[in-house]
Structure formats: structure tokens, C-alpha cells
Amino acid sequence: MPASTSQKVSLWRRLTDWGATGFAVLAAILVIVPLLAIFVYLVIKGIGSVNISFLTQTPKPPGELGGGMANGIVGTGLILAVASVIGIPLGIGSGIYLAEYGRNRFGDLIRFTADVLNGVPSIVVGITVYSLIVIRQKHFSAFSGGVALGIMMIPTVARATEEMLLMVPNVIREAAYGLGIPKWRTTLSISLRTASAGVITGCMLAFARVAGETAPLLFTAFGNQFWNLKLNQPTAALSLQVYTYAISPYDDWHKQAWAGSLILIVLIVGAVAAVRITTSRGRLKGA
Amino acid sequence: MSDSVDPMNPSQPLGRLPKPVTSMPSLAKVDAGRTGNKSTGALEKIRNTYPRSSRIPDEVFRWIIILSAISVFAIVLLVVWELVDKSKLSLHQFGLHFFYGHDWDPVNDSYGAMPFIYGTLVSSLLALVLAVPLSIGVAVFVTEMCPQRLRSYISFLVELLAAIPSVIYGLWGIFVLAPLLRDYVEPFLAKTLGWTGLFGGPMYGLGMLAAGIILAIMIVPVIASITREVMTAVPQNQREAVLALGATRWEMIRMGVLRNARIGIVGGVILGLGRALGETMAVTMLIGNRPEVSKSLFAPGYTMASVIANEFTEATGDMYLSALVEIGLALFIVTLIVNALARLLVWSITGGTARPSA
């Protein structure tokens, strides 16, 4: 019995083992510290500036104290609504194609393109939408901002839908066909429905991902100091306003930037937490 | 489940483990799905017995689905076409000189993108240098060392790091990281490593170093989550075998796990690089935005993405706009190549099993 092996391990090997363990622990700490720091700062600096007027008023001109980001919150909601209307149906549609029809060359091509689209820098999407919509319309608009974000949602939703549909056991489809149910009905009411928890998760992740996007909105939604509920007008968005306020020289605006970030992160973390809950409840066990 | 896997071929189980959706559509996992459905032939046979009339809605549905799939393809084509079309002017005017010219002079309509390319490359490489060891460390800690109970908390925290919008990273960078760097880190670096020439000159806090650090924080979750996934895919008996030979835990991780997972890890690193290259807001807020090529990491710089963010809405002349779009085109092509490379690497691990059956 090699009972004494552990004592025979040389000093050097023991030292490297300890060193590696130490490094891994250190790395974990180094990664988690900035995260906690960001959250602590957000809460400490943000909570002091979140009040009723911040949530109900529009921005004041520079130099005047007070005012809020109510129009930004509404604008973000407007843009995200347009984005979801565009991104979710197209994403789910392509996901269905990839899973149910796309087991071929063309499917591979679409799969690869979806990956490409996923990797396109958000600012490049912004340029494209600018030249496609803003130049033609000759003005910035909430609609163009929504289109930009919607395009960014498609690949995430598509891949999540595909993955979830592939986990649906084929036996279920065969059973449906055996009952004489046509393919479209099988796909929508049986496969997609079985996979719905995962698909919803994917949609919410895509939503959370684009909710804080700023770069593509710079030259599509553009920002607005006033209320706007029209789709074809420039619109404020929380993330844009945080950016403008953060790089401004005014102290009061800095405070509001922290408050705006806090609201934004609460929205996003709320969505991610909701995702965790739905996945832990309704995840499909393997096919 | 992993002990039923053939130990002679450790790369194979990569294609078998269905994983929950995470915020990043991960490569290893995505390929896992491709082998999922097998017996579609039987389904086709059953469907062919249906009456002809029920095939019409089926065909309509099929075309709707195909159209939405084509829309993905069309969008990418549209992106390429718009970028090429809108940058034609500057492509013709400057040719290749655009990429190594140093002057960025909107007044005289003379444009060279060198300082921006330099800034993008240096900030991304700096981020990789900082992020790669950290992410591998975290992944090793989470998969091999930490107590089971802590595991899900840490991976949840790291996932959360990926969900924070970049503008909030930028805000934090301006008001917390930059003062910290200016008052403590940069003087220290200048004193100890000043002789390298990388850490010299005035210390603003804002600059290449700040941008690199914030980018590193942002890409750690990307690299760490893929590394973790690839490492958990290494079969358990591989670890047991190495340990049985008398290896220490680190030797087991190095020889039994990391060596088998290395291609997947490289794929993750490249994906992180793609992220860093295209990142806009946090970098724009921290890099200082001055089109200069400077050896010192303390000096302000400028990146391709941030010049577009800052100047696009102010670009008045056609040539100015066209030059900015050309930078966007270059950025698109670079990220395209980087992402394709990452994808091919992962395809190469999953090998034959990844090929579609039909």
C-alpha cells in the first residue's frame, strides 16, 4: 500500500500546489471585489438621489438643482417595447427554423450568421440603423433606437429557442404526428410550448442585455430633455442620460447619474433574477 | 453521468452535456445541441400519410419560419452593405493609407486611423493580459476547489458581472477607479516599474491603463464562464486517474484538466477579445479620448469605437462621415474574423460529432 506517498511529495511540488491554490483563491477574490464595489457604490451614491422628483420630473437645465429622469425611464420603456416587438418574434422564428428545419447546410449558414450578428459591436449596429432609417427619415427617433436594440436581441433569442427546442424529446413530436396533428401545430402548440420556460428565459436575457445598451442609441434615439411619447421623435433613455450626466462637469448631474444607474440596474437585475426563478422552476430535463 | 464516458477520448463528452442558458450563448454548449435530434426520417414518413389539404398551412408556416431565418442573414448583409456603401468615399480617397496614416484632421479633410487602431489593440491586449489569468483562476477555483455550497453563489455573481451595462462600468470607472489609479496605483507603478517606459509621464487617472482595467473587468465573465463549462466537461475519471498516479491537486488540474480543456479555453479567450475590441461606452468614458500614439500606459488614447461614439453625430462633411463609417467597417471585419476563429476552434474540438446528421 502506498500509504506514505503523501509524505514523499517533494517540497517543490507541495509549494507549487499551495501557490496554485492561493492564486485561484486570490483570482476569485479579485473578480468579486470590483463587482461588490460597483454595487456598494451604486447603492450608496444612488439611493440618496432617488426621490419622488427624480422619478416624476424631466431634467432641469444645467446649473439648476433638482429635476429627474422620468422622461428617460419612459423613453427606455418605449424603445425596449419596440425592440421586443421586433426582436422576439424574429428571434423565436429563426430559432424554430434552426431547430426544426435547419439540420442542413443552409441551417449552418444561418447559425453562423446569428453568431456573427451576436458579435457585431453595438456601435456598428448603431451606424447601420442610422444610415438605414435616420438618414431616410431625416431625424432621430425612438423607433430607430428600438430597431437597433431589436436587431441585437435576435441572435440571443434565436440560439436560446433553438437550444430549448432541441431538448424537447422527439417522442413527443412523433406522438403528435401520430395523432394526425399538422407540423405547424405540433411545432407551436407542442414543441414550443414544452420548451416555453427556456424560451422565455432566453427572451428575458436578451432583454436584460439590451436594456442598458447606450452606444447604438447615441445616434438613433439621440436623447431628449423633454417628454416624448411619439415613436418618430428623438427620445430620452436612461442609459443615454446616465452617460451625458456622467461626463458633464456638474456635481448635481453626477448624483443623478448614480441614481439613474441604480434604477437601470434594479430593472436589469430584476429581470435576471426573474430568469433564475423561471429556470429553476421549469427547466427541461435533458432529452 | 461522466463516468459512463469513454476515458480514451476526453474531448467527446463536450458534445453531450445539455447546459442551462446563460447570458452568453456559449460555443461548446451550442454545438451540444446539434447532435440532439436523430430520427427525423420516421417523422417524415408519418407526415407523408397526411391528406394533401393539411399540407397547405404547413407550407405557409414553413415559409414564415424560413423568412424569419432569412431575416437574420439579410440583416447581416444589410450591415455590410450599408457600411461599404457609406464609406466608399473615404475608401477611394485614402485607400490603404487610411490604416497607417497618423493625422485625424476634419478641418482639412485628411484622415488616418492609426491612433485609433493602436488604442483599440493596446487597450484590448492589456485587458486580455489582466483578464486571462484571473478568469482561469476563477474557473479553477469554482470547478475544482471551492465547497459545493459556495459554487452556485460565485457563478451567479460572475454572471451578474456580465449583466451590468457598460455605461455603469464607465460611471464607476470615472468616479471610483480613475481617482484610485491617479492617487495610489499610478504613482506606485511609476516608482517601481517606471524604468520600462510603459509607466511614465503625467498621471491623470483617465487613460489607457484605466480603459484596460475596466475592459478586463468586463470580459472576465465571458472567459470565465466558457472556461468553467469546458472544464466541467472533462470527465471525472480523468481527474481520478491523474490523482491515482500520485499527482498533487495542482498537477491534476494542470495535466488532467487544463491540458484537455485548452482549446476550449483559447476559444473563450478569443471570444473575450472580440468583446473587448467592440466595447464602446466604458472605454469612451475612461480612455481620455486623445488621438495619440504614446508608449506610456498612463497617457490618454482613443479607440475605434469611441471615436465613432464621440464624433459621429457631429460629423458635418461627407468625407468626415465616410471616414468614421470606414472605421466602423474595419471594426466589423476585425470582430468578424475574431469571432469566426473562436467558432472554428470550438468546432475543431467537437470534431466529427458536431457535423449535422442530415
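**Exercise 1.** In which loop of chain A does A:Lys138 lie? Work out its phi and its exposure too.

*Solution.* Before you start: this is a predicted model, where local features need pLDDT of at least 70, side-chain atom pairs count only at pLDDT 80 or more, and totals for chains, interfaces and linings use all residues. Residues are numbered from 1 along each chain as its sequence is written, while chains are lettered from A and ligands numbered from 1 in the order in which they are written.

Step 1: find the loop between helix H6 (122-137) and helix H7 (142-167) of chain A; A:Lys138 sits there. Helices (H or I, at least four residues) and strands (E, at least two) are DSSP runs, numbered from the N terminus.

Step 2: check the backbone. Most residues other than glycine have a negative phi. Phi of A:Lys138, however, is positive, near 65 degrees.

Step 3: count neighbours. A:Lys138 has 6 C-beta neighbours inside 10 Å, so it counts as exposed. The cut-offs, with C-beta atoms placed from the backbone: buried means 20 or more other C-beta atoms within 10 Å of the residue's own, exposed means 12 or fewer, and partly exposed is in between.

**Exercise 2.** Describe how helix H8 (residues 170-178) and helix H9 (residues 183-194) of chain A pack.

*Solution.* Step 1: take the angle, about 155 degrees, and the axis separation, 10 Å. Axes are lines fitted to C-alpha atoms, for helices over the stretch in contact, and angles run from 0 to 180 degrees between N-to-C directions.

Step 1: H8(A) and H9(A) are therefore roughly antiparallel (angles over 145 degrees).

Step 2: list the partners. A:Ile172, A:Arg173, A:Ala176 and A:Tyr177 in H8(A) meet A:Thr186, A:Ile190, A:Ser191 and A:Thr194 in H9(A); contact means C-beta atoms, placed from the backbone, within 7 Å.

**Exercise 3.** How many residues of each chain are in contact with the other, and which helix of chain A gives the most?

*Solution.* Step 1: 96 residues of chain A touch 87 of chain B.

Step 1: on the chain A side, helix H2 (residues 11-47) gives the most, with 19 residues.

Notes: Angles under 35 degrees count as roughly parallel, over 145 as roughly antiparallel, 65 to 115 as roughly perpendicular and the rest as oblique. Two residues are in contact if their C-beta atoms, placed from the backbone, lie within 7 Å.
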